[in-house]
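The sequence and the structure come first.

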Amino acid sequence: MYFLRFILLFFLFSVLSVRAQENPPLDVLFIAIDDLNDWVGVLEGHPQARTPNIDALAARGTLFTNAHSNAALCNPSRTSLMLGLRPSTLGIYGNSPNWTEIESLAELPTIPRFLRDHGYSTYGAGKIFHAHTFYESGFYGYNDPSSWDAFYPSLERQLPDEVTPINRPVNRNPIDARFDWAPVVVDDRAMGDGQVTHWVENQLKTVVSGPRFTAVGIFRPHLPWYVPQSYIDMHPLEEIILPVVPENDLDDLPDLPLNSEVFERKAFLPPREIHQWTIDANKWSEGVQAYLASTSFADAMVGRVIEALDQSGRADNTIIILWSDHGWHLGEKHRWRKTTLWEESTRVPFIVVAPGVTTPGTRSSRTVSLIDIFPTVAELVRLQPPSYLEGSSLVPLLRNPDAIWDKPAISTLGFGNHAVRTEDFRYIRYSDGSEELYDHKLDPNEWMNLANDPSYIDVIDELSEMVPELNTPDIAN
Ligand SMILES: [Ca+2]
């Protein structure tokens with residue numbers, strides 16, 4: 001008996017060590033893009049999107065065509081993604097709470113810290129956690145020094161300085177100088193994203209021992225849309241196609257999303273005022289052009305990073321995950337920017353390339369969200385994830401993109417406001433109990449709110465069961 005057990009153990013040990021030799025721990029390359037909606041070639045959100053590098057990355061693995069952010073605002077989206085807990089569990093709804101200064105949250109591992117604790121070397125550059133580049137403010141964001149072995153520009157500061165026009169706003173809007181666009185005569189490499197990307201390229205080409213996690217946070221197409229002229233030239237102004245926006249699209253909406261500061265943000269780049277200005281000043285097409293140009297610029301940065309990975313010889317041993325923190329409106333629902341619970345704000349590009357797991361060129365239309373990234377990474381690198389994570393590992397969908405999947409994508413904005421996205425529906429419930437329902441089979445643009453249609457009572461009953469029950473009070477208060 002004892003002998004048998006010994007043989008068995010010996011056998012297991014040999015199998016495990018052979019497996020270990022055959023499968024060294026995989027590297028992870030994490031590509032975050034800021035404010036990139038579905039205006040990406042492969043997602044077909046805009047017919048003139050030109051993103052050849054993101055499209056090529058999608059062709060290497062699995063593209064999730066129905067992926068949604070946890071919150072349509074930088075800080076709650078990114079904090080939630082990196083910690084693996086919903087904004088409504090964390091109590092982080094706005095851009096002001098710094099999670100690293102809240103004791104109960106600061107001790108939770110982020111994705112990179114989790115990997116670092118398990119033997120990974122971790123390198124990061126650019127906007128991973130919330131930060132912005134309104135240069136003169138001296139605000140450097142909420143980075144977590146314990147997550148990284150090295151970070152560019154520094155552990156404290158996530159974004160480098162960049163060259164900007166002198167007389168802002170160049171587009172002469174009277175609302176806010178941060179809502180701006182212009183060509184800049186700057187080499188790609190000298191752009192903030194160019195500096196960040198350059199550092200990551202060198203990092204990827206440097207030989208390190210043991211597994212490595214590398215994160216690059218690309219800032220465009222976040223405002224302001226200052227990009228080299230060549231990217232603007234890719235999108236000629238006279239050919240720009242505008243989103244179709246019915247005149248009466250807001251008429252069937254409840255009061256809260258139209259009048260609450262959570263959504264309307266009158267104090268900060270007011271979304272509907274901006275839209276009205278783009279119409280009055282005949283600037284809508286220019287704005288769309290500038291966003292498309294910024295997206296093509298961000299795509300070029302993705303191309304450089306992937307090229308460096310390929311040159312490093314480690315691509316076959318590297319999991320690649322590309323995501324954006326949330327979407328963006330450019331006139332849909334008569335508004336610009338983010339901060340809504342509608343499709344334009346929540347739908348994001350999300351691509352996973354996992355050697356030995358994903359099949360090149362596959363797509364999954366299952367509803368997934370960025371809360372699923374942490375458990376997915378953990379399973380892909382064969383580590384036991386923290387037990388409290390609220391997402392689901394997407395490995396079953398990476399193996400079979402059509403696998404049965406009954407989980408909705410949940411997006412949250414402000415206290416007590418949630419959207420539930422299933423493959424067929426978007427159901428929104430606001431903190432005051434008001435509701436919206438959109439049938440995506442009939443109405444992919446979410447123009448017809450069916451919340452008061454008696455024939456959808458059963459659907460609403462079913463979807464309201466999926467609304468998160470835990471709503472932690474805003475820790476900023
Ligand atoms: Ca953002």
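In this predicted model, 71% of the contacts between residues at least 6 apart in sequence join residues at least 24 apart. Of the 477 residues, 49% count as buried. The secondary structure comes to 16 helices and 18 strands. The radius of gyration is 22 Å, close to the 23 Å that the globule rule gives for 477 residues, so the protein is as compact as a globular protein of that length. The C-alpha trace spans about 85 × 55 × 45 Å along its principal axes.

**Eight-stranded sheet**

- An open sheet of 8 strands has the order E5-E4-E7-E1-E9-E12-E2-E13, with mixed pairing.
- The edges are strand E5 (150-152) and strand E13 (362-364); each has a single partner strand, so one side of each is left without a neighbour in the sheet.
- Neighbouring strands of this sheet are turned by 15° against each other on average, direction ignored.
- Strand E2 (residues 62-64) pairs with strand E12 (residues 350-353) in the antiparallel sense, over 2 bridges. Within this pair, Thr62 has Val352 of E12 as its bridge partner.
- Helix H7 (residues 192-205) packs on the sheet, where it touches strand E4 (121-126), E5 and strand E7 (212-218). The direction of H7 makes about 165° with that of E7.
- Helix H12 (residues 284-312) also packs on the sheet, and its contacts are with strand E1 (27-33), E7 and strand E9 (318-324). Between the directions of H12 and E1 the angle is about 170°.

**Four-stranded sheet**

- An open sheet of 4 strands runs in the order E15-E16-E17-E18, and its pairing is antiparallel.
- Strand E15 (409-412) and strand E18 (435-439) stand at the edges with a single partner strand each, so one side of each is left without a neighbour in the sheet.
- From one strand to the next, the twist averages 15°.
- Strand E16 (residues 418-421) and strand E17 (residues 425-429) run antiparallel and are joined by 4 bridges. His418 stands opposite Arg429 in E17.
- Helix H16 (residues 457-464) lies across E16, E17 and E18, at about 70° to E17.

**Helix H14**

- In helix H14 (residues 373-380), 6 of the 8 residues are buried, so the helix is largely enclosed by the rest of the structure.
- The buried residues of H14 are Ile373, Phe374, Thr376, Val377, Ala378 and Leu380.
- These buried residues pack against two strands of the eight-stranded sheet, E1 and E9, and against helix H3 (74-83), helix H6 (111-117) and helix H15 (395-399).
- Arg382 follows H14 and has a positive phi, near 60°.

**Glu156**

- Glu156 lies in the loop between E5 and strand E6 (181-184).
- With 10 other C-beta atoms within 10 Å, Glu156 is exposed, because a residue with 12 or fewer counts as exposed.
- Not counting residues up to four places away in sequence, Glu156 touches Tyr140 and Asn143.
- Glu156 and Lys283 are 127 residues apart in sequence, and their C-alpha atoms are 37 Å apart in space.

Key:
Residues numbered from 1 in each chain as written. Predicted model: local features only at pLDDT ≥ 70, side-chain atom pairs only at ≥ 80, totals over all residues. Rg over C-alpha atoms; globule rule 2.2 N^0.38 Å. Buried ≥ 20, exposed ≤ 12 C-beta atoms within 10 Å, placed from the backbone. Contact = placed C-beta atoms within 7 Å. Pairing = 2+ DSSP bridges. Axes fitted to C-alpha atoms, helices over the stretch in contact; angles between N-to-C directions.
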